[in-house]
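This briefing goes through local features of one protein model, grouped by topic. Please keep the sequence and the structure in view while reading.

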Amino acid sequence: HESEKRAMEGSEGNSDAVSPHPWQSYNTVYTTAKAGMEGVDKEKVQRVVYEMSKGSKYFQNEERKEAFIKQKIDNMRLQFSKLSHSDLSHYQKVAERRILELEASRDLSRIWLHVDMDAFYAAVETLSNPMLKGKPMAVGSMSMLSTANYEARKFGVRSAMPGFIARKLCPELILVPTDFKKYTHYSDLTRKVFQRYDPNFIAGSLDEAYLDITEVCRERNVKSEEIAQELRDSVHEETGLTCSAGVASNRLLAKVCSDINKPNGQYVLPNDRLAIMTFISSLPIRKIGGIGKVTEHILKEVFGINTCEQMLDKGSYLCALFSQSTADFFYSVGLGLGKTDSPQASFRKSISNERTFSATEDEVLLQKKLVELAEMLSTDMQKEGLHGRTLTLKLKTASFEVRNRAVTLQNYINSSEDILKHASKLLKAELPVSVRLIGLRVSQFNGDKSGATPDRTQKTITNFITSGEANRKKDSFSDVTDHDFISDIETDPSIDVGHTSQLDSRDPFDGNHSLDVNHQSCTLWKNDGAEKVQTSGNDAASSHHSACTEMLGSTSFQGQFEGENVNDGSNLLEEDRLNSCQETTMLWLNDYKCSLCGIELPPSFVEERLEHSDFHFAEKLQKEESSIRQTSIPIQSQDQKHRINRQSKSKKQKLSQREGRYTPIDYFFVKE
């Protein structure tokens with residue numbers, strides 16, 4: 001342990017050395033990680049990207065992210081240096097016990113196949129225009145590429161790379177504009193093939209899917225490699241496109257295997273523990289879905305972890321510096337464990353689409369983009385028979401700042417006209433602004449719960465709202481209808497408008513955003529305007545005045561739109577500044593942990609966070625209502641009173657201690 005700690009401290013000192021070649025430390029996402037880029041000169045790509053983007057908004061954003069990652073690494077190294085020998089011994093025992101528990105859960109009874117289309121968008125375009133065959137080409141524009149064929153990848157060109165940088169790497173590169181209707185058509189053809197082998201296959205995206213082929217292999221008494229070959233042949237016959245496949249005992253390994261013999265190949269990993277452990281022992285951690293650029297950087301720099309097997313060797317360190325859920329994920333990777341169960345039928349909670357383009361302030365062009373998005377979103381919703389109430393507009397500015405505006409409507413909508421009408425209002429509130437991405441999302445569908453229609457006898461929060469005058473005349477709440485309440489506030493059908501602003505410091509290629517390092521922040525909301533307030537350790541004074549959530553006017557408590565991710569591992573949650581607001585409202589401390597119950601939900605779990613916020617809010621209302629009832633209990637007989645006091649003595653003592661901190665519940669529901 002001591003020798004490893006000294007080695008890490010030594011690497012920390014070396015990290016501050018100034019490199020004569022700055023591009024070598026400019027670790028952008030344009031690495032050689034994708035299939036077909038194995039022989040690419042990585043340093044040349046880094047140098048070109050560095051020179052072409054230096055001084056740009058993108059470059060500045062990358063520098064911010066690099067600074068955040070470095071700060072996180074420094075924090076974790078500091079924590080590591082404070083661990084005593086006894087601490088490490090304790091964490092080693094905890095890690096070993098947890099690894100044994102995870103090993104006991106290993107399931108080798110299922111056979112999973114992951115199929116991935118080869119350079120899908122580019123292959124579809126080549127199929128439509130055979131003149132492109134054998135030439136380096138990419139789908140996209142000079143601002144952004146959606147994909148590149150294997151001829152272009154040899155030059156270092158890849159998806160999500162700006163087209164002007166790709167042209168610098170490959171001057172002969174042919175650019176073809178995107179055509180998503182065409183790609184969706186071919187995707188539907190491939191899915192019809194997948195359904196023959198697994199009617200409940202899991203679509204990962206337009207060009208990939210997971211299939212449980214256990215029953216097919218058993219019923220037909222054939223080996224998994226035969227099924228994989230047959231499926232690939234069927235896809236080629238139906239579409240003229242090639243795909244690659246991976247077969248393993250779980251989905252995590254199957255996805256890794258599908259990338260091994262790309263393009264137009266397959267790899268089968270036997271359902272045998274020894275074979276799996278041998279396979280995983282030398283596997284680079286970046287090959288695992290969920291470990292992206294940021295996580296890879298942290299694991300290498302702090303722990304010296306380069307392969308999956310080392311996850312187990314450094315188990316005590318991972319246990320000491322990460323949450324249990326994150327450590328469990330790393331242990332599972334080291335053991336080659338993944339999900340093997342077929343997910344139960346779930347109901348969609350939201351539907352969205354977004355488009356990236358060259359940054360522009362042209363309001364006419366932005367409106368045109370909005371029209372296209374509204375039509376596509378409406379088509380997708382009508383195809384699935386969905387109607388939603390909450391519409392969210394997402395904007396990414398030229399400086400890579402992400403803004404979200406949301407409106408919750410009185411009626412359910414799914415027509416392009418309705419979507420466009422409300423989306424235009426949200427966009428107008430942000431103008432003028434230079435934008436490089438627009439997205440629309442609809443959620444809160446009718447019959448959200450298991451497809452059932454809402455219970456009309458179920459009261460809503462507006463049933464408990466009284467006017468200020470009525471509240472002064474009587475002690476208890478009187479029921480009012482939703483219609484009465486809405487008409488008192490405004491004639492516009494919108495009930496609640498939310499707005500957030502955040503820096504987009506997530507890496508678009510990093511599959512594990514929960515470990516991204518950005519500003520230290522907590523999410524606070526005003527219901528009238530729904531502002532997000534970010535508190536940063538570097539600007540404590542400016543954020544102190546917003547340390548608690550204000551509840552003004554509006555009655556809609558729609559959830560938060562989480563933005564920046566921080567998980568510095570230090571558990572320094574700025575308690576002094578947050579204690580006052582923790583007692584009255586729920587916060588996502590470091591945008592990761594619930595301040596009330598401690599549960600950890602990554603920012604990507606948007607719907608789960610909304611439900612969790614609603615849970616705590618309902619719990620708060622129930623407690624405060626109970627407090628009010630306690631003060632209005634009629635005088636009872638001495639015997640009955642004595643019995644009640646004895647049964648709830650501890651509960652009353654706890655309530656009396658907090659009584660002074662509570663604001664009466666009617667304070668939040670009085671209409672002026």
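The model is predicted. A search of the whole structure finds 25 salt bridges, ten aromatic pairs are present, and the count of disulfides is zero.

**Backbone geometry**

- Most residues other than glycine have a negative phi, and most peptide bonds are trans.
- N221 is not a glycine, yet its phi is positive, near 55 degrees.
- The loop between α9 (214–220) and α10 (224–239) holds N221, which is exposed because its relative accessible area is 71%.
- Q444 is another residue that is not a glycine and has a positive phi, about 55 degrees.
- Q444 is placed in strand β12, and with a relative accessible area of 24% Q444 is partly exposed.

**Salt bridges**

- D74 and K70 form a salt bridge, with 3.2 Å between the closest N and O atoms.
- Both D74 and K70 are in helix α3 (residues 57–81), four residues apart, which is about one turn of the helix.
- D74 is partly exposed at 25% relative accessible area, and K70 is partly exposed at 40%.
- R110 and D212 form a salt bridge whose closest N and O atoms are 2.8 Å apart.
- R110 is partly exposed, with a relative accessible area of 21%, whereas D212 is buried because its value of 9% falls under 20%.
- R286 and E296 meet through their side chains in a salt bridge of 3.0 Å, N to O.
- This pair links distant parts of the chain, with R286 in the loop between α12 (273–281) and α13 (293–303) and E296 in helix α13, ten residues apart.
- R286 and E296 are both buried.
- Through shared partners, salt bridges join R110, D212, E215 and R218 into one network.

**Aromatic pairs**

- A pair of aromatic rings is described by the distance of the centres and the angle of the planes.
- For F180 and Y183 the ring centres are 5.7 Å apart and the planes stand at 80 degrees; the pair is therefore edge-to-face.
- F180 and Y183 both belong to helix α8 (residues 180–197), where they are three residues apart, about one turn of the helix.
- F180 is partly exposed at 25% relative accessibility, while Y183 is buried at 0%.
- F329 and F330 have ring centres 5.8 Å apart and planes at 50 degrees, so this pair is tilted.
- F329 is partly exposed, with a relative accessible area of 27%, and F330 is buried, with a value of 0%.
- F180 and Y183 also belong to one aromatic cluster together with F120 and Y121.

**Charges over rings**

- R153 lies over the face of Y150, at 4.5 Å from the ring centre.
- R389 places its charged end over the ring of Y412, 5.9 Å from the ring centre.

**Surface patch**

- A nonpolar patch on the surface is formed by M52, M142 and F164, which together have about 250 Å² of accessible area.
- M142 lies in the loop between β2 (137–140) and β3 (145–148).
- M142 counts as partly exposed because its relative accessibility is 39%.

**Cysteines**

- C243 counts as buried at 1% relative accessibility, and C257 counts as buried at 0%.

Technical notes: Residues are numbered from 1 along each chain as its sequence is written. This is a predicted model: local features need pLDDT of at least 70, side-chain atom pairs count only at pLDDT 80 or more; totals for chains, interfaces and linings use all residues. Side-chain values use heavy atoms; hydrogens and water are left out. Patches are made of residues with over 30% relative accessible area and no salt bridge: like charges are joined within 9 Å, nonpolar side chains (Val, Leu, Ile, Met, Phe, Trp, Tyr) within 5 Å. Accessible areas come from the Shrake-Rupley method with a 1.4 Å probe; for residues, only the protein chains shown count as cover. A salt bridge is a side-chain nitrogen of Lys or Arg within 4 Å of a carboxyl oxygen of Asp or Glu. Helices (H or I, at least four residues) and strands (E, at least two) are DSSP runs, numbered from the N terminus. Buried means under 20% relative accessible area, exposed over 50%, partly exposed in between (1.4 Å probe, protein chains only). Rings of Phe, Tyr and Trp (its six-membered ring) pair if their centres lie within 6.5 Å; planes under 30 degrees apart count as stacked, over 60 as edge-to-face and the rest as tilted. A charge sits over a ring if NZ of Lys or CZ of Arg is within 6 Å of the ring centre and within 35 degrees of the ring normal. A disulfide is a pair of cysteine sulfur atoms within 2.5 Å.
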